[in-house]
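Please take a moment to look over the sequence and the model below. The paragraphs after them go through the structure one part at a time.

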Amino acid sequence: MKRAIVSFGTNKHAELLDISFPTFKAFGDRHGWDVYRADNIGAGRPAPWYKVRALINLLNSGYDEALFLGADTIIVDGREDLRADDWAWQALVQHHTGDGLVPNTDVWLCRKEMLPWLDKVWNNLRWLMHGWWEQASLMDLMGFHVEQPTYLKIGTELYMSTYFLDQSWNVHKWHKPPCEHPRIQHATMWPDRVAIMQEWRREADGWMNE
């Protein structure tokens with residue numbers, strides 16, 4: 001099976017990706033993922049939308065699985081590989097938040113079955129300028145009521161083909177109770193993302209240097 005990880009960082013996120021990317025590369029080397037930094041992501045939309053194009057490009061280039069990791073995520077413990085059940089088309093973490101129930105696309109595994117759905121996410125222009133961008137589009141297609149409070153109205157075929165990863169694969173600041181064994185820390189909501197990511201990066205040295 002051919003697998004690839006992709007990420008990108010624009011503007012301030014480029015500095016964040018400089019911190020996180022070595023952990024992606026170490027994880028890929030350890031578990032057999034090719035790892036790409038997609039610096040030329042396109043223009044014309046808010047940058048988060050281009051994770052959809054990046055995943056489509058990889059799946060159309062011979063990869064069986066493509067994993068997007070946000071620039072503000074750090075793999076703090078990469079000893080275990082990221083896996084999803086064979087029946088799943090996609091895998092991500094679903095958070096219980098103050099806004100409601102939210103699947104998060106900053107750790108987003110897609111398989112070839114997702115190609116037509118990724119096209120639908122891209123073309124679902126109702127959400128083009130929504131603050132959650134492509135994530136809002138995906139949630140809509142999964143059957144969620146997207147505006148706060150968010151909740152699942154009725155699970156669509158896409159929702160039923162989604163594997164929900166353990167929370168440890170995308171840990172947010174406001175997790176309650178705190179995650180006891182984070183694998184990927186996500187710096188969203190932190191006031192100084194550079195500082196906290198540098199701290200997490202130092203923590204990652206343990207597994208990276210094994």
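A polar contact is a pair of N or O atoms within 3.5 Å; within protein, one atom must be able to donate a hydrogen and the other to accept it, and residues adjacent in sequence count only if both atoms are side-chain atoms. The model is predicted, with local features needing pLDDT of at least 70 and side-chain atom pairs counting only at pLDDT 80 or more, while totals for chains, interfaces and linings use all residues. Residues are numbered from 1 along each chain as its sequence is written, and side-chain values use heavy atoms, with hydrogens and water left out.

Start with His186. The side chain of His186 makes a polar contact of 3.2 Å with the side chain of Asp72, and another of 3.1 Å joins the side chains of His186 and Asp106. His186 belongs to strand S10; strands (E, at least two residues) and helices (H or I, at least four) are DSSP runs, numbered from the N terminus. Is His186 buried or exposed? Its relative accessibility is 1%, so His186 counts as buried. Buried means under 20% relative accessible area, exposed means over 50%, and partly exposed lies in between, using a 1.4 Å probe and protein chains only. Contact means heavy atoms within 4.5 Å. Leaving aside neighbours within four places in sequence, the residues in contact with His186 are Asp72, Thr73, Asn104, Asp106, Asn170, Val171, His172 and Trp200.

Next comes the sheet. It is open and has 6 strands in the order S2-S1-S3-S6-S5-S9, with mixed pairing. Strand S2 (34–37) and strand S9 (162–164) are at the edges; each has a single partner strand, so one side of each is left without a neighbour in the sheet. From one strand to the next, the twist averages 35°. Two strands pair if DSSP finds at least two bridges between them. Strand S1 (residues 3–7) and strand S3 (residues 65–69) run parallel and are joined by 4 bridges. S3 and S6, in contrast, pair in the antiparallel sense over 5 bridges, and here Phe68 has Trp108 in S6 as its bridge partner. S5 and S6 are also paired in the antiparallel sense, over 7 bridges. In this pairing, Ala91 stands opposite Leu109 in S6. S5 and S6 form a hairpin with 2 residues between them. Why is S6 described as largely enclosed by the rest of the structure? The reason is that 12 of the 12 residues of S6 are buried.

Helix H1 (residues 12–31) lies across S1, S2 and S3, and runs at about 165° to S2. Helix H4 (residues 133–142) packs on the sheet as well, touching strand S5 (90–97), strand S6 (100–111) and S9, with its direction at about 100° to that of S6. For such angles, axes are lines fitted to C-alpha atoms, for helices over the stretch in contact, and angles run from 0 to 180 degrees between N-to-C directions. H4 is mostly covered, with 8 of its 10 residues buried; among them are Leu138, Met139 and Leu141.

Helix H6 (residues 193–208) has 16 residues and reaches 21 Å from its first C-alpha to its last, close to the 22 Å expected at 1.5 Å a residue. The expected span is 1.5 Å times one less than the number of residues. At the N-terminal end, H6 is capped by Asp192, which has a side-chain oxygen 3.4 Å from the backbone nitrogen of Val194. Ile196, Met197, Trp200, Ala204 and Trp207 are buried in H6, and what covers the buried residues of this helix includes H1, strand S4 (73–75) and strand S10 (184–186).

Last are the aromatic rings. Rings of Phe, Tyr and Trp (its six-membered ring) pair if their centres lie within 6.5 Å; planes under 30 degrees apart count as stacked, over 60 as edge-to-face and the rest as tilted. The structure holds 10 aromatic pairs. One of them is the edge-to-face pair of Phe21 and Phe24, 6.2 Å centre to centre with 70° between the planes. These two residues are 3 apart in helix H1, so about one helical turn separates Phe21 and Phe24. Ring pairs also link Trp49, Tyr50 and Trp122 into a cluster, and both Tyr50 and Trp122 are buried.
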